[in-house]
Amino acid sequence: MSGFSAEWLALREPYDAAACSAAVRDATIASIAGLDPVAIVDLGTGTASGLRALAPLIPARQTWRLVDNDLSLLARAADTARPARVQVTAVPVDLAHDLEAALDGAVDLVTTTALLDLVSAAWVERLAVECAARRLPFYATLSYDGRMEFTPQDAGDAAIIDAFNTHQRTDKGFGPALGPKAAGEAITRFTTVGYFVDRQPSDWVFGPQDREIQNEVLTGLAAAAREIGGARLDDIVGWLTRRRDLVAAGRSSMRIGHIDLFARPTEMRRPDRSQSNSTSPSRR
């Protein structure tokens, strides 16, 4: 699952990398220390930014299963530059229906980037149950949490943010999306199945020099507000014009809240990890 253009993913990638929590990332890497090779599944991989961020930090040989239903992005992901010790397989999967197929086989770690806020509570529960059945650790970065700050402030900010957060909870292909509640729901579901969960903020921070991504974010916010009907069109256009003028003048900064989390089982997967332990045998 992706739903984003390759251009947008490329623009945001360096900001994603800067935002990610080093503490949560390091806990993730520590959980697979000593495994060689290590098998990793990247759900909703897009162009494989998760691989580019994590693979160079893992000294072991690695096999990555890159999973998405966007064939164009998946082709780019398969061609991504990577360390020589990393092998990649690109797998087209509709995660809304075939999550279990994505997780079956030899897996030591499940990871995803900017996916959880797009999926439903039922899907996150399913993910937690399936990971627990296989005793797989789970690492999720950059789940949007509803926080958004603009400097300087504008009178129209609150209405646009509220409209955007409402839009985030609409169906993105998995049922009603969790939006800003995603990280909290994931923590609850993984805790329920006996996992320990580490979480840290991983906010995007855009300074006055970051004009291009600020303008893209502002356009996306305005489009979401228009689509959801959360404000009058004239008010949306006026807000977008004022904020773009601030960006052009080098006077605009933004902070957009995200959460990174790492969920680890009380016991890691056994050496017979090539066997499927899916709780949904009818899907295999």
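Eight aromatic pairs occur in this predicted model, where rings of Phe, Tyr and Trp (its six-membered ring) pair if their centres lie within 6.5 Å, planes under 30 degrees apart being stacked, over 60 edge-to-face and the rest tilted. One of them is the edge-to-face pair of Trp 8 and Trp 204, with 6.1 Å between centres and 80° between the planes. Trp 8 belongs to helix α1 and Trp 204 to strand β7 (residues 204-206), 196 residues apart in the chain.

Local features need pLDDT of at least 70 and side-chain atom pairs pLDDT 80 or more, while totals for chains, interfaces and linings use all residues. Residues are numbered from 1 along each chain, and side-chain values use heavy atoms, without hydrogens and water.

The second largest pocket holds about 260 Å³ of space. Among its 17 lining residues, Ala 17, Cys 20, Ser 49, Gly 50 and Ala 53 are the closest to its centre. At least two lining residues come from each of α1 (6-19), α3 (49-54), β4 (109-113) and β5 (138-151).

The axes of α6 (residues 121-134) and α8 (residues 182-192) approach within 9 Å and cross at roughly 35°; the crossing is right-handed. Contact (heavy atoms within 4.5 Å) involves residues of α6 including Val 124 and Leu 127, and of α8 including Arg 189 and Phe 190.

Key
Axes fitted to C-alpha atoms, helices over the stretch in contact; angles between N-to-C directions. Helix = DSSP H or I, 4+ residues; strand = E, 2+ residues; numbered from the N terminus. Left-handed = near helix turned anticlockwise from the far one by under 90°. 1 Å grid on protein atoms, 1.4 Å probe; cavity = no way out; pocket = protein on both sides within 12 Å on 5 of 7 lines; lining within 4 Å. Points joined across faces, edges and corners; volume = space filled by probe spheres on them.
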